[in-house]
Amino acid sequence: MDKQPRLPFHFLRYSTLAGVVLCCTARGALAAEPDLFALSLEDLLNVKVTVASLIESDDFHAPSHVSVIKADDWQRYGARRTVDALSHLPATQILPIAFGYDAIAIRGYASTASTRGIATSLDGVRLNNFSFGTGQSDTPNINLGVLDRIEMIRGPASAVHGNDAFHGVLALHAFESGQDLSQASAEAGERGFYQTSARYSGQATMPLRLNLALAASGQSDQDRSYEYGAGNSIDKEQRYQSRTASLKFVSEPDADIAWRWGIYADEFDAGDFPTSVATHDSGQETSAYFTRLAVEKKLAGNQTLEASG
């Protein structure tokens, strides 16, 4: 049997990768996010984060060590999936396990048999399940095309985020714009890889703004050879299809009573990934649909009161 060399999954970009990007911007397009490498030290200390406490603060005053990853960052590293966008962070390791999803290890606290300890959320909706205590099993890949940014705490945060946050917190923030915007992109590469996304933001009806993001990605049969036992080998296809949608209605932020309503859908289908028993076909088909409504009331002294569910 002709064996193909093992290829690293994360951040892999083939030399023949063909990209097609279509982008159209309506009037008043969203201003580009500033490049973090171009900011002064003072400006870096003022980057806003929300995951470290119950109120928004800058990175300098946040009670935990927070990493903020934006679209420019994961595009620079060639990330294909959500976990790819995390692999470059210090003290963070991605461990491929069975069924086509990965475990996130912070400061070495993880194994292929344990994926607990990281509270995962999308726009404040908890994704950890009761069976495995992780968000990776039911939502292995929230497509990057629907995300604005990722915030991650590397270290305990259970005082704010509960017992799932013993090792850290992973907070995903879906697309949202304060200005009219229309974008679409498509990318294709070797071995059946593809990645597409579309975004739209516009005034639905006063005072509501509609934010819509759709994304899909996947790869076909990879036929990668794995060795096990004494001189045995097996080919694994490692195929997957991933689809994510985010729809949000947001009121004017300066209103005395502001509210937002989000509707989310995620589907993931993977097959023939490596597992602890080499000859077994390891894959999964998952779907998640959820919604969140939040109402915020401004109080005296620049304080706010929020109710959500």
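1. Arg199 counts as buried, at 16% relative accessibility (buried means under 20% relative accessible area, exposed over 50%, partly exposed in between, with a 1.4 Å probe and protein chains only). Arg199 lies in strand 12, residues 194-205 (strands are DSSP runs of E of at least two residues, numbered from the N terminus).

2. On provenance, this is a predicted model, in which local features need pLDDT of at least 70 and side-chain atom pairs count only at pLDDT 80 or more, while totals for chains, interfaces and linings use all residues. Residues are numbered from 1 along each chain as its sequence is written, and side-chain values use heavy atoms, with hydrogens and water left out.

3. Beyond its neighbours within four places in sequence, Arg199 is in contact with several residues, including Asp148, Phe175 and Leu212 (contact means heavy atoms within 4.5 Å).

4. The structure holds 14 salt bridges (a side-chain nitrogen of Lys or Arg within 4 Å of a carboxyl oxygen of Asp or Glu). One of them joins Glu176 and Arg260 at 2.6 Å, N to O. This pair links distant parts of the chain, 84 residues apart: Glu176 is in the loop between strand 10 and strand 11 (181-188), and Arg260 is in strand 17 (residues 257-273). Glu176 is partly exposed at 27%, and Arg260 is partly exposed at 33%.

Conventions: Helices (H or I, at least four residues) and strands (E, at least two) are DSSP runs, numbered from the N terminus.
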